[in-house]
Amino acid sequence: MVNAQRKALERMWKDRCTILCQKKVTNPDTKLTDFEEAPLLEDVPCKSAGLTDVTFDLLLPQVPYPFAASPEKAEYYLNKFEKLKTSKQPFQWILNRQMPKGAKLFYTNLTVSLEDYQIVDDASEGFDITVKVNLKQYRNYGTKTVTIKEPEKPAEKPKATVKPAPRPAPTPPKPKTYTVKAGDCLWNIAKKHLGDGSRWPEIYNLNKDKIKNPNLIYGGQVLTMPS
């Protein structure tokens with residue numbers, strides 16, 4: 001009997017998914033216990049997507065490890081972090097993911113700014129330093145100039161014209177080839193030699209015969225540069 005009642009209530013709930021909401025009292029004689037039925041779901045506008053936050057912990061070795069080939073100590077990278085934070089300039093953050101045996105999974109490539117970093121010293125970790133890094137996705141934006149024209153006749157209203165934001169002057173042509181150095185990436189090469197890091201796909205498209213993965217380039221490679 002109890003199970004039959006429970007199933008009946010469940011069917012009623014599915015067929016009539018409503019909530020009780022209190023009536024707006026417009027008459028002093030109306031009791032606060034009077035209710036009316038209202039739909040459960042309402043049309044709610046979606047918000048625009050915001051910028052992506054990236055947070056991760058980073059180990060800076062102070063002693064040699066098989067997995068850490070860089071000869072630089074933790075102080076070198078801490079100075080880099082401080083410069084990125086205080087310069088308030090965006091940079092390219094690229095993360096490659098792969099299996100222990102080398103099979104590639106996927107990679108993340110974002111233009112970001114360094115919002116903050118925290119240094120964590122833990123005696124149990126020996127001489128190594130852990131850094132908590134907070135990044136924020138960066139998007140370019142521009143401003144527009146509005147010019148108001150004086151009316152030709154007193155009766156006419158002022159007219160507004162919108163001029164597009166001025167574009168930066170083109171950079172002078174760079175050498176047609178570039179030899180990759182240790183620590184280089186396509187974004188940094190494009191920023192240094194083309195004046196804009198976001199133009200790295202132009203370099204990649206000209207060198208697909210040499211670059212299989214745009215996030216993996218090696219020292220000594222000679223890349224053809226856009227003219």
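Glycine 195 follows helix H3 and has a positive phi, near 85 degrees. The model is predicted.

**Helix H3**
- Helix H3 spans residues 186-194, and its buried residues are Leu186, Trp187, Ile189, Ala190, His193 and Leu194.
- These residues lie on the same side of H3, because they cover an arc of only 165 degrees around the axis.
- An α-helix has 3.6 residues a turn, so residues three or four places apart point the same way.
- The elements that cover the buried residues of H3 include E4, E5, strand E9 (177-179), helix H4 (200-206) and strand E10 (222-224).

**Lysine 88**
- Lysine 88 sits in the loop that runs between helix H2 (74-87) and strand E4 (91-98).
- Its phi is near 55 degrees, which is positive although the residue is not glycine.
- Most residues other than glycine have a negative phi.
- Lysine 88 has a relative accessible area of 72%, so it counts as exposed; the cut-off for exposed is over 50%.

**Serine 113**
- Serine 113 is part of strand E5, which covers residues 104-120.
- Serine 113 is buried because its relative accessibility is 16%, and buried means under 20%.
- The side chain of serine 113 makes a polar contact of 2.9 Å with the side chain of glutamate 115.
- Apart from neighbours within four places in sequence, serine 113 is in contact with Phe91, Asn134, Leu135, Lys136 and Tyr138.

Note on methods
Residues are numbered from 1 along each chain as its sequence is written. This is a predicted model: local features need pLDDT of at least 70, side-chain atom pairs count only at pLDDT 80 or more; totals for chains, interfaces and linings use all residues. Side-chain values use heavy atoms; hydrogens and water are left out. Helices (H or I, at least four residues) and strands (E, at least two) are DSSP runs, numbered from the N terminus. Buried means under 20% relative accessible area, exposed over 50%, partly exposed in between (1.4 Å probe, protein chains only). A polar contact is a pair of N or O atoms within 3.5 Å; within protein, one must be able to donate a hydrogen and the other to accept it, and residues adjacent in sequence count only if both atoms are side-chain atoms. Contact means heavy atoms within 4.5 Å. The arc is that of the directions from the helix axis to the C-beta atoms.
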